[in-house]
Amino acid sequence: MNYFEMFGLEETFSVDLKQLAERFQAIQKSVHPDRFAHASSQEQLLAVKKSTAVNDAYQTLKNPIKRAEYILSLRGVEIPSEQVTFSDNMFLMRQMELREMLAEIKFADDVDAAVFEVNQVLEIEFEQLFKAMQVSLHENSDNSNKSACESLRKLKFYQKLHLELDRLEDLLFDD
Amino acid sequence: MALLQIAEPGQSTVPHEHRLAVGIDLGTTNSLVATVKSGLSETIVDSEGNDILPSVVSYQENEILVGNKAKELAIVDPENTIVSSKRLIGRSLTDIQSKYHSLPYQFCGDENHPSFVTRSGKINPVQVSAEILKTLSDRAEKALGGELTGVVITVPAYFDDAQRQSTKDAAKLASVNVLRLLNEPTAAAVAYGLDKEHQEHQEGIIAVYDLGGGTFDISILRLNKGVFEVLATGGDSALGGDDFDVALVDFIIEQADLERPLSPTIERQLLDQACKAKEALTSNDVHQISLTLTADKKWSGEITKDQFEQLIKPLVAKTLRACRRALKDAEIEICAVNEVVMVGGSTRVPLVRAETEKYFDKTPLTSIDPDKVVAIGAAIQADILAGNKPDNDMLLLDVIPLSLGLETMGGLVEKVISRNTTIPVAKAQEFTTFKDGQTAMVIHVLQGERELVDDCRSLARFELRGIPAMTAGAAHIRVTFKVDADGLLEVSAMEKSTGVESSIEVKPSFGLAEEEITSMLKASMTNAEDDMQARMLKEQQVEAARVIESVQSALNTDSHLLSSDENSKINQAISELAKISQGSKPDDIEKAIEKLNHFTATFAEKRMDASIKTALSGQTVDDI
């Protein structure tokens, strides 16, 4: 049973998150280990297993990046590992620029404003790529799936930058 | 006219037996026990009418004192009287000594298993917690007039795996059946969320600010139709009201012109005075302090509320930074928080309330006693887990507080499960060998957010041996992390490329080994062998009864999922088990349980799948 089937949802990228959350909770109400706390060890183990699978499915479908990756894997498109090099030099150049922007933050006169600014730049570029990926996923042809995969790989770079920005923020404000 | 009892064929006519279950708040400074009685969750008092049990254990020559009696000895006999041991549970010696430099105890044992040297021998923090649990469960059994089916024990949300595991070990030592380890803020949310007087607070986003004696937790939850979904949690497992005392002690030392090291008696006196000052300054603007330094030398001075607030301001600011991070993790804006709930005795400090109120821009809820709210929530959960409310559809979805990962090349940590992931959860990661012919691999499990191994908490280290010799990079080692609903981790590793499986299960290096627990249990019994045997028999009998009951109720509702052949096999195994469990051989009972389990394995799976379908169809009907 794939994750979409598990929640009785259509296998598309656009998922109604509210409906997903409701179904997730309804299913957890029947399989969560808390329901079996007084049951036999066998049932307890089974509940942990089911509940774990449902959590995993929910986390995958809830997060758009993970959902896209999952849909692509259902369509037989594997995402190349991080070690596989990119051929898009423009993109790589841009990544280096963005990294430099991140590194500059701590020298800014107004750190708050600098964080805010970088955050906005990241979000705008993320959105653009995300929309492109959405369109390609929707088209669902061999070529479009390939380009969706390419966008997805790029989006992951942005995700990483975002994480680094978060970490930087924590460091700057925790002292 | 007499009424006949009507029952559907095959259904039991016996009303559901009420099982005794309690919630225990095992706190740093104080502990409590509560239970649900005729629909209301209430704390249970001791013979003197107190519900609060100071978390203090004193080891005397021939007896172990717990609670107030032990607390009285804290000043005169500090070396043998263990206070706030929750701060030390599941921690290494280095950890303890670097964080708390003025503890009056003498330590022994190795780095990962420190113990106190007391008059009644070596005692570790797990044993201290076990004494407190035992005292509370005895109190509950006496008050409720029967044996407890199980307890829910609360732990700080920010407790790491070693601290959780140690708490569970303490329960085992106290012979207490743990239904669930529940996070303290989640317990408080349950108490508020289900409180009849707070109907208006039962939906939306709530932030639980929990500042206890030794720990700080912040949890952000979404409440929706009986579901308590923890979105994020954060905190500091070594920050609490005790730190306010420590700051005060340092202040008094400076004022009184004293110099460390001081005698344990004076240290305890200082702590005592600090504690009193903290309490007095919640309502007064100034407080007098007096110390007896030697028989004929006394010192007295005063502290103002303003001075006190200056001392603790940085600590309060630290809690608010944790709040900021938790909100960010939850992806919730401050203005989206509907309620702020205050938990823990330390939230009585006016500065804490004022700063929290300012930060969230909301008057915090304090209507349920902040000292009792955790125990009250835990009792509600215990009542449900024990099976007393089969129709209740409350559901708690909690998360792990800290990321879990593995050491990779160069002393870096690779995250396997990130913080704030909903539990239970399982994740696997693949690794490979880096040398030709490598046949073993060290697996080092860590917990924490930092990138370097040295900055994270080391949970366990084990070796996977028997990897077939291959060229570098050819082996595929799959390491699986499983976190159960108590938030406890289990790690296994397996080499799969050649089909040769070698796997190992680890227990965190800080916990006690199974054998140690058994031997400690034996040591506490008068007729060790016989008692152990009796205990094992009892355990198997309880499990047998549980299995029979659950299979029978499954047959009552879902026997249509079975063929008549399967049905009769199961029924036969039930009668066999029922007969054998009357006997006195735990091993035989265990075997009979296994046999029944074998026949019901697919049945159980089918039933669970059917219940998912029902849950889903209910949803789809709702949607239309």
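Two strands count as paired here if DSSP finds at least two bridges between them, and the helices (H or I, at least four residues) and strands (E, at least two) are themselves DSSP runs, numbered from the N terminus. With that in hand, look at Leu404(B), which sits opposite Ile417(B) in β21(B). Keep in mind that this is a predicted model, where local features need pLDDT of at least 70 and side-chain atom pairs count only at pLDDT 80 or more, while totals for chains, interfaces and linings use all residues. Residues are numbered from 1 along each chain as its sequence is written, chains are lettered from A and ligands numbered from 1 in the order in which they are written, and side-chain values use heavy atoms, with hydrogens and water left out.

Back to that pair of residues. β20 (residues 404-408) of chain B runs antiparallel to β21(B), and the two share 5 bridges. They belong to an open sheet of 4 strands in chain B, ordered β21-β20-β23-β24 with antiparallel pairing. β21 (412-417) and β24 (457-464) of chain B are the edge strands; each has a single partner, so one side of each has no neighbour in the sheet. On average, neighbouring strands in this sheet are turned by 30° against each other, direction ignored (the axes are lines fitted to C-alpha atoms, for helices over the stretch in contact, and angles run from 0 to 180 degrees between N-to-C directions).

For the parallel kind, go to β13 (residues 204-211) of chain B, which pairs in the parallel sense with β18(B) over 5 bridges. Ile206(B) has Glu339(B) in β18(B) as its bridge partner. β18 (residues 339-343) of chain B has 5 of its 5 residues buried, so the rest of the structure largely encloses it. Buried means under 20% relative accessible area, exposed means over 50%, and partly exposed is in between (1.4 Å probe, protein chains only). Glu339(B), Val341(B) and Val343(B) point one way from β18(B), Val340(B) and Met342(B) point the other way, and all are buried.

What about the cysteines? Cys108(B) is buried at 18% relative accessible area, and Cys456(B) is buried at 12%. Counting a disulfide as a pair of cysteine sulfur atoms within 2.5 Å, the total over all chains is 0.

Now for where the chains meet. If contact means heavy atoms within 4.5 Å, 44 residues of chain A touch 49 residues of chain B. The two chains bury about 4,000 Å² between them, 50% of it on carbon and sulfur atoms; buried area here is the accessible area (1.4 Å probe) that two parts lose on being put together, summed over both. Asp34(A), His38(A) and Gln42(A) supply 16% of the area that chain A buries against chain B, more than any other three residues.

Charge pairs come next. A salt bridge is a side-chain nitrogen of Lys or Arg within 4 Å of a carboxyl oxygen of Asp or Glu. That rule gives 47 salt bridges over all chains, and 8 across the interface of chain A and chain B. One is between the side chains of Arg167(A) and Glu451(B), at 2.6 Å from N to O. Asp34(A) turns up again here, linked with Lys168(B), Arg180(B) and Asp486(B) in a network of salt bridges.

Lys50(A) also forms a salt bridge with Glu605(B), with the closest N and O atoms 3.3 Å apart. Lys50(A) lies in α3 (residues 41-62) of chain A and Glu605(B) in α14 (residues 586-623) of chain B, so this pair joins two chains. Lys50(A) is buried at 15% relative accessible area, whereas Glu605(B) is partly exposed at 29%.

Within chain A, Lys154(A) forms a salt bridge with Asp88(A), the closest N and O atoms being 2.7 Å apart. This pair links distant parts of the chain, 66 residues apart: Lys154(A) is in α7 (residues 142-174) of chain A, and Asp88(A) is in the loop between α4 (64-74) and α5 (89-104) of chain A. Lys154(A) is buried at 13%, and Asp88(A) is partly exposed at 23%.
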